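This report describes a protein and the ligand that accompanies it. Please keep the sequence and the structure in view while reading.

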Amino acid sequence: MSGAWGSEWPFIIFALLVGGLLSTVFHQWTLGLWLCLLVYLLRHLFHINRLLEWLREGRPSELPRGSGLWEEVYYLIHRLQRRNKRRKKQLLRILEQFRTATAALPDATVVLGSQDQIDWFNHAAERLLGLRRNDVGHTISGLLRYPRFTHYLKHGDYTTTVDIPSPVSNHLQLEIRIVPYGEDLRLLIAHDVTQLHFMERVRSDFVANVSHELRTPLTVLKGYLETIAENNELPVSYTKIFQRMEEQTVRMQNLIDGLLSLTRLESSLQPVWQQTVDVPILLSLIIEELKVLYEKRPFLQLILESHAHVLGSEQELRSAFSNLIANAIKYCPTEGQIVILWRDEAEGARLDIQDTGPGIAPEHIPRLTERFYRVETEKGKSGFGLGLAIVKHVLARHSAELHIVSIVQQGSCFSACFPAKQVVRKIPCI
Ligand code: ADP
């Protein structure tokens with residue numbers, strides 16, 4: 001028997017005794033029994049009533065006192081109450097610590113509700129996003145009115161970020177990231193990238209200026225070297241030296257051209273494309289040009305399964321496709337084979353450039369599109385590692401992606417995948 005029932009027995013015995021006494025006095029044992037039950041019931045009703053009143057008033061500190069079974073009930077409620085109080089204090093402390101930490105964060109942090117409404121924000125959000133206390137409850141898209149941000153908030157891929165100017169000052173550049181958590185809740189984090197943008201602009205301006213300044217002297221030098229190399233009166237040993245010098249100036253010119261196109265691509269804004277590019281014709285032209293340029297080359301096969309055109313810049317796409325095809329020609333042995341395939345996909349269209357070249361080890365693949373990243377190959381390092389960086393930028397400007405699949409000793413496949421919105425299938429007849 002539990003302790004509670006143990007302490008209840010005296011009351012039961014007392015009620016029975018009173019009942020027995022009354023039965024003897026009135027010579028009616030049923031009356032005694034009823035009276036005893038009534039007394040016992042009244043005691044419990046009294047305590048239930050006290051407990052109800054106490055619960056209704058909600059004054060946790062003044063818990064009623066009881067005896068017998070009720071002493072145990074009150075004690076357990078009291079213990080539960082104390083435990084809850086401790087837990088509440090602990091939770092409040094953690095919440096306070098979290099709020100203090102988030103408030104001290106240098107990045108603007110905004111808690112968004114299921115309807116994109118602002119539920120909470122830290123001090124940095126006041127400074128960087130210009131939020132005020134009375135903005136709580138308002139939708140964030142009403143306060144940050146940038147189409148890029150609205151699109152990101154509604155349909156965006158939250159694994160990426162979006163850059164917008166700060167509503168406080170156009171000089172401040174913010175990188176916005178949304179982190180979903182819980183059910184329908186999201187955390188908006190705005191990081192100040194003004195300095196980073198500034199450094200990036202300084203770097204690209206520097207590269208553009210230096211490249212531009214080097215272009216003229218190099219052209220002059222190349223012109224003189226060509227003239228000297230053509231001079232038949234020069235001794236053969238000198239002719240060779242001048243030819244080497246000419247080759248090196250051509251290399252430098254290619255480097256400068258590559259750097260200038262990359263800087264131009266990086267610094268120009270994403271345009272809204274109006275023109276369509278006839279990809280089948282463009283590919284045929286590029287291949288003809290490259291065939292002339294590379295006399296000794298692997299077998300080239302162009303397969304046009306699609307007639308699709310692409311919305312974009314012919315000049316940029318020509319540069320990207322030429323880079324990919326020229327790479328395949330450069331790195332594939334002459335006895336190898338290159339297949340260039342333009343085809344439709346369920347979502348958009350795709351250009352595959354597949355070669356039977358040396359392939360690329362998996363550890364290099366994620367870094368291939370970095371500026372100046374090169375892999376030592378059997379044929380030597382003929383390029384500067386700018387080609388694929390240019391390809392990546394051009395494709396990104398056309399909302400397309402570059403996929404690289406490669407197996408060492410077997411070959412590589414570089415694919416440019418264009419989304420449906422960029423592909424035009426029905427070309428109007430003129
Ligand atoms: P590069 O001017 O050196 O060719 P890219 O950016 O075009 O620069 O290519 C980067 C590196 O990727 C190259 O150094 C080369 O090692 C590797 N690469 C590119 N295309 C191929 C290919 N089709 N087969 C094997 N390696 C390739």
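## Exposure and the predicted model

A residue is called exposed when its relative accessible area is over 50%, buried when that value is under 20%, and partly exposed in between. The model discussed here is predicted.

F372 lies in the loop between strand 10 and helix 11; its relative accessible area is 46%, so F372 is partly exposed. Q422, in the loop between strand 12 and strand 13 (423–424), counts as buried because its relative accessibility is 5%.

## Surroundings of the ligand

One lies 2.8 Å from a polar side-chain atom of N327. The backbone also contributes: a backbone N or O atom of V375 is 3.1 Å from an oxygen atom of the ligand, and a polar backbone atom of F384 is 3.2 Å from a ligand oxygen atom. The ligand on its own has 530 Å² of accessible area, and the protein covers 97% of that area.

In soluble globular proteins, nonpolar side chains tend to be buried together. The largest nonpolar core of this model has 47 residues, and F321, I325, I340, W342 and F418 touch the most other members. Several elements each supply at least two residues of this core, including helix 8 (236–267), helix 9 (279–293), strand 9 (337–345) and strand 10 (348–355). Helix 10 gives the most, with eight residues.

Which residues does I325 touch, not counting residues up to four places away in sequence? They are L283, I286, I287, L290, L300, I340 and I353. A second, separate core has 24 residues, among them I118, Y146, Y152 and I176.

Helix 11 has the buried residues L388, A389, I390, V391, V394, L395 and R397. These buried residues pack against helix 8, helix 10, strand 11 and strand 12.

The contacts of Q422 may be considered next. Leaving aside neighbours within four places in sequence, Q422 is in contact with W273, H309, V310, L311, H398 and S399. S399 follows helix 11 and has a positive phi, near 55 degrees.

## Positive phi angles

Most residues other than glycine have a negative phi. Against this background, what is the phi of F372? Its value is near 65 degrees, positive in a residue other than glycine. Q409 also has a positive phi, near 70 degrees, and is likewise a residue other than glycine.

Key:
Residues are numbered from 1 along each chain as its sequence is written. This is a predicted model: local features need pLDDT of at least 70, side-chain atom pairs count only at pLDDT 80 or more; totals for chains, interfaces and linings use all residues. Side-chain values use heavy atoms; hydrogens and water are left out. A polar contact is a pair of N or O atoms within 3.5 Å; within protein, one must be able to donate a hydrogen and the other to accept it, and residues adjacent in sequence count only if both atoms are side-chain atoms. Accessible areas come from the Shrake-Rupley method with a 1.4 Å probe; for residues, only the protein chains shown count as cover. A nonpolar core is a set of buried Ala, Val, Leu, Ile, Met, Phe, Trp, Tyr and Cys residues joined through side-chain atoms within 4.5 Å. Buried means under 20% relative accessible area, exposed over 50%, partly exposed in between (1.4 Å probe, protein chains only). Helices (H or I, at least four residues) and strands (E, at least two) are DSSP runs, numbered from the N terminus. Contact means heavy atoms within 4.5 Å.
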